[in-house]
Amino acid sequence: MIPQTVEFDEVSKFYGEVLGVNHVSLSIPPGITSLVGPNGAGKTTLMNLMTGLIHPDDGSIRMRGLSPRDPENLMRITGYATQYDASPRWATGFNFISTSLLLFGYSRAEAEEKAWRALQQLRLTEAAHRKIAAYSKGMRQRIRLAQAIAHEPEILVLDEPLNGLDPLVRAETIALFHQWAAQGRHVVLSSHVLQEVDVISDQIVLISNGMVVAEGKIRNVREEIHERPSQFIVRCRNASRVASVLFKEDHITEVRLNEDRMGLLVMTRDREQFSRAISRIALDGFGIDAVIPADENVDALYEYLIGEGR
Amino acid sequence: MAVYKRGYQRYQGPITSYWTRFMVLPRFAWRRMFQQRLVPLLMVIAMIWPLLCAIFIYLTNHAELLKGFSKQFQSFISINGNFFLVFMIVQADFALFLAALTGPGLIAPDLANNALPLYFSRPLRRSDYAFARLATLFVLISLVTWVPGILLFGMQVGMAGSDWLHGNWRLGFGVVAGFAIWGLLVSLVAMASSAYTKMKAVSGGLVLGFFFIMGGLSGMVNVIFRVTWGNALSPQWASRRIWCAMLGVDPNEGPGVAACALVLLSFMLLLAIVIERKLRPIEVIT
């Protein structure tokens, strides 16, 4: 049976004396995985390693069972959109995509059909026969994505895929990511826009200084950070009374009242005890409208795990 | 999470052969090259000399047309190794100019635009890319070198008959093999300069510069050390020395075939190393 994960086993990569990534071990399941980290953290290095553009000095990588040293097979199931706007300006969008598909070994008719489908998915059919030189920045970004998806790969590696896209296309592209992930494909992407990562990702990989700081589902990663109290927003009608009840709990470290007196920001060392406490309070008739985790997002994780170390 | 249970199907259909895929890059490179006006122009100019040579072959094979000339002249204009050597020397220069004109557009733009990751994100090895670029140039150079050369040889065989072929078959071999060596050398120089500098104009200058500088250097060595072995440092001289041996022509004074072959081989090896080092999908600056 073909393995369905992207595996990094103790992978290290150095550029001369400069650290790329160090002792990275990862097991990425299908779905949308975001690589998050500051500039120079090693995100692009990880992507280049996955696609075999560079090879590790140490350790091994398997992409659904295939080695990145075997581009003949790997690149048939992998699509890569690099951060560079390298599409040939002299070619039309359609020619660029269909020609690159010929390199995969598709017949001309099949290559043209697949190229057209990719352009349709990225809403580029109207500009298909225009030269790429005449494309806007957003359109060039879309053609970059189109060339990566045209051969319908099962692993998509996308470096900053949403940069330069207008809100409508951005939303449609995110929907495409979800559609691909739902089919059981890998979508590995990097982004600096943390709010976006939050919405898109099934799991995240936080990288800093070439090392993986955390990986997994956002909630699971947050639960592992014991030294930082979890934050919850509680919307309720009688906020001062709820606050006074919560203060009696040992695990509560801080409670802040909202200015409108209709809500609280609660910090707790124990999420489960908090959950039980809030259920009790609700059953006692305090009128709890909503309990929302306030730091169960990439922004907070980034701040806790990477931001503080900087 | 089994992928096949979730609607995605890996492509199972037929794929084209390796060579069909390999030829995609040269085909598109040729199309781009012939969009430049200078390339077809130079190709046409490069055909003038073979045309004149064809006329020469026709004349030498039609004795009635040479009746008015002296016996000495009639014996002078025969089709032999010297004839093909002169043909090769002229065409080799056209090949060099063609390489200087088209070679820089092969790799330099890909490096300047960071397009190599785009190529290597295909089922394509680094060696495939390099050979495809080499083939692009080698085939183009062949069109002005051994292809007209072998046509001239064929024309002479057709007119002079099988007896001539029996005694001169090595000329045909010499033209093809000699031009193959030259074409390979020129293509490698053009590729290396294209990979070394990201600017097309500089790269073109470098191709011509390489041959002029090495020619000048070989002359300097000869003068300073009062030797003739310095000639081997000139790729043109070394190539011509090998052509002479292949065509059975008396060579000029200088190093032998083996020494020249060794020098050319060393040049090719060094150029291949430059290409290998520069042709990386990711440029790493440490």
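How many residues does the contact take from chain B, and how many from chain A?

1. The contact between the chains. In this predicted model, the contact takes 28 residues from chain B, while chain A supplies 34 residues. On the side of chain B that touches chain A, the elements giving two or more residues are helix H2 (24–33) and helix H8 (116–120) of chain B. Of the elements there, H8(B) gives the most, with 3 residues. Sorted by class, that side of chain B has 17 nonpolar residues, together with 6 polar and 5 charged ones.

2. Confidence in the model. The model as a whole scores ipTM 0.83 and pTM 0.83. Chain B has an average pLDDT of 90, and 96% of the residues score at least 70. Within chain B, confidence is highest in helix H10 (residues 146–160), at 96, and lowest in helix H5 (residues 71–76), at a mean of 72.

3. A pair of packed helices. Two packed helices are described by the angle between their axes and by the distance between those axes. In chain B, helix H6 (residues 81–102) and helix H12 (residues 200–225) pack at an angle of about 150°, and their axes are 7 Å apart. Because angles over 145 degrees count as roughly antiparallel, H6(B) and H12(B) are roughly antiparallel to each other. The crossing of these two helices, H6(B) and H12(B), is right-handed.

4. The residues between those helices. From H6(B), the residues B:Leu96, B:Ala99, B:Ala100 and B:Leu101 meet B:Gly204, B:Val207, B:Leu208 and B:Phe211 in H12(B). The residues of this contact of H6(B) with H12(B) divide into 7 nonpolar and 1 polar, with no charged residue.

5. A residue to look at closely. Is B:Gln156 buried or exposed? This residue, B:Gln156, is found in helix H10 of chain B, and B:Gln156 has 25 other C-beta atoms within 10 Å. Leaving aside its neighbours within four places in sequence, B:Gln156 is in contact with B:Ile57, B:Ile79 and B:Trp164.

Notes. Residues numbered from 1 in each chain as written. Chains lettered and ligands numbered in written order. Predicted model: local features only at pLDDT ≥ 70, side-chain atom pairs only at ≥ 80, totals over all residues. Axes fitted to C-alpha atoms, helices over the stretch in contact; angles between N-to-C directions. Helix = DSSP H or I, 4+ residues; strand = E, 2+ residues; numbered from the N terminus. Parallel < 35°, antiparallel > 145°, perpendicular 65-115°, else oblique. Left-handed = near helix turned anticlockwise from the far one by under 90°. Contact = placed C-beta atoms within 7 Å. Nonpolar A, V, L, I, M, F, W, Y, C, P; charged D, E, K, R; others polar. pLDDT = per-residue confidence, 0-100. Buried ≥ 20, exposed ≤ 12 C-beta atoms within 10 Å, placed from the backbone.
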